[in-house]
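Please view the sequence and structure first.

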Amino acid sequence: MTLNLEIVTPQRILLATEAEYVTIPGEIGELGILPGHIPLLTNLQSGILSYKSGGTEEMVAVHSGYAEICRDKITILAKIAELKDDIDLERSKTALQAAEKELEEALKDVDQLEKAGELQQKIKRALTRQQVVA
Amino acid sequence: MATLKDIKLRMVSIENTQQITKAMKMVAASKMRKAEENASQSRPYAEKLKSIVSNLSNGLDQSAHPLLTQREGGKAVVLLITTDRGLCGGLNVNLCKQLHKLVPDESNNFDLVEIVAFGKKGNEFFSHRGGNIAESYRDMKEAQYAEVLGKTVQELIKKYMKGEFNHLFIAYNQFKNVVTQIPTIQQVLPIEPPDDEDAAAGEQTEFIFEPSGAGILNAILPQYVENLTFTALLNNIASEHAARMTAMDAATNNAGDMLSALQIQYNRARQAAITSELIEIISGAEAI
């Protein structure tokens with residue numbers, strides 16, 4: 001028995017494949033999904049989605065979205081999702097540094113709390129990307 | 001009467017124009033293919049999102065979420081998506097005219113229309129006619145428009161939640177096929193829960209929600225709104241290129257028609273000149 005995994009972004013269908021087992025970064029913790037899971041709808045946080053297909057484990061970076069699990073079909077709706085090959089490690093590293101610096105500044109100022117929240121999201125995305133590549 | 005030289009000059013100028021329209025048609029055709037592909041690739045996401053939203057909001061009361069609640073009166077904001085460049089037939093004008101008719105009256109429940117214009121043409125149309133333009137974005141690349149539109153919509157959602165305005169519409173050209181683009185004015189806020197065909201077909205499944213149905217709804221509704229506008233933008237880009245291709249094809253054909261008419265006129269004039277010259281020679285010879 002296999003799961004039918006589909007990752008959809010606003011731009012295109014990023015990935016459609018069969019997998020034996022999938023873990024997704026749910027909002028309140030990681031979820032491992034095996035075939036025959038009960039129907040479930042959950043928010044995702046920025047994190048790594050990994051799936052096992054044909055003995056090899058693959059990783060995809062997904063940044064906030066939704067997962068719809070319906071028996072043997074998982075549909076991931078992600079605003080941004082990147083395969084390993086699509087990630088630019090250098091760019092991510094510089095973005096991380098810049099964001100960390102800005103965050104330090106923003107945290108000093110009470111008026112910039114909203115911005116600080118955004119920056120934290122940004123840092124999280126950068127870290128996820130680097131984890132996927134590593 | 002036009003001399004031979006005059007006619008020849010006009011023909012050359014028309015030929016030049018024809019070459020330009022032909023080239024523009026080719027460019028539009030290739031851009032359209034790309035834009036159409038983008039639009040069709042964005043469809044799975046939009047459809048899935050729609051089915052989740054309809055699933056979640058099924059059986060929910062309007063008052064369950066501020067983005068679903070109908071509010072009377074107040075201001076209506078319209079996101080008007082047009083092109084930056086012309087030469088694409090009646091695309092922008094048809095849309096703007098339709099939007100121009102959207103005025104407060106008994107049939108709708110708002111008192112004031114405010115326009116946020118994306119694209120030069122919409123801005124021009126309404127600034128000449130005293131439209132109420134709040135913001136205007138122009139001369140950007142497609143990717144930039146998508147980014148700015150996303151940000152604007154997020155801002156608008158925040159303002160909507162605060163109650164600064166009560167209705168949000170989006171006006172764009174829906175891409176149906178190469179020859180048909182439909183000027184569309186669609187209500188975005190308050191969200192009208194979409195009817196899902198699957199649900200009607202009895203494929204409704206009971207989902208477990210994590211963390212909770214309300215939590216997901218809170219996150220997904222703004223996302224849904226944003227995606228509606230993103231899809232509209234992609235549709236309008238595809239429509240632009242399709243309309244330009246059709247317009248330029250027609251222009252190329254018209255130039256061809258003009259050329260053949262002028263060619264006949266040119267031949268006649270040449271024949272007339274030869275005949276009159278012959279008459280002169282013959283009458284001259286007879287006089288001797």
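At 1.5 Å a residue, the 38 residues of helix α1 (residues 4-41) of chain B should span 56 Å, and its end C-alpha atoms are 56 Å apart, so the two agree. The expected span is 1.5 Å times one less than the number of residues. Helices (H or I, at least four residues) and strands (E, at least two) are DSSP runs, numbered from the N terminus. The model is predicted: local features need pLDDT of at least 70 and side-chain atom pairs pLDDT 80 or more, while totals for chains, interfaces and linings use all residues. Residues are numbered from 1 along each chain as its sequence is written, and side-chain values use heavy atoms, without hydrogens and water.

**Helix α1(B)**
- Its buried residues (under 20% relative accessible area, 1.4 Å probe, protein chains only) include Ile7(B), Met11(B), Ile14(B) and Met32(B).
- Among the elements that cover the buried residues of α1(B) are α2 (43-57) and α7 (213-287) of chain B.

**Interface of chains A and B**
- Contact (heavy atoms within 4.5 Å) joins 25 residues of chain A with 26 residues of chain B.
- The two chains bury about 2200 Å² between them, 65% of it on carbon and sulfur atoms; this is the accessible area (1.4 Å probe) lost on being put together, summed over both.
- Leu41(A), Tyr66(A) and Leu77(A) supply 29% of the area that chain A buries against chain B, more than any other three residues.

**Salt bridges**
- Two salt bridges (side-chain nitrogen of Lys or Arg within 4 Å of a carboxyl oxygen of Asp or Glu) are counted between chain A and chain B.
- Lys79(A) and Glu226(B) form a salt bridge through their side chains (3.1 Å, N to O).

Technical notes:
Chains lettered and ligands numbered in written order. Buried < 20%, exposed > 50% of the residue type's maximum accessible area, 1.4 Å probe, protein only.
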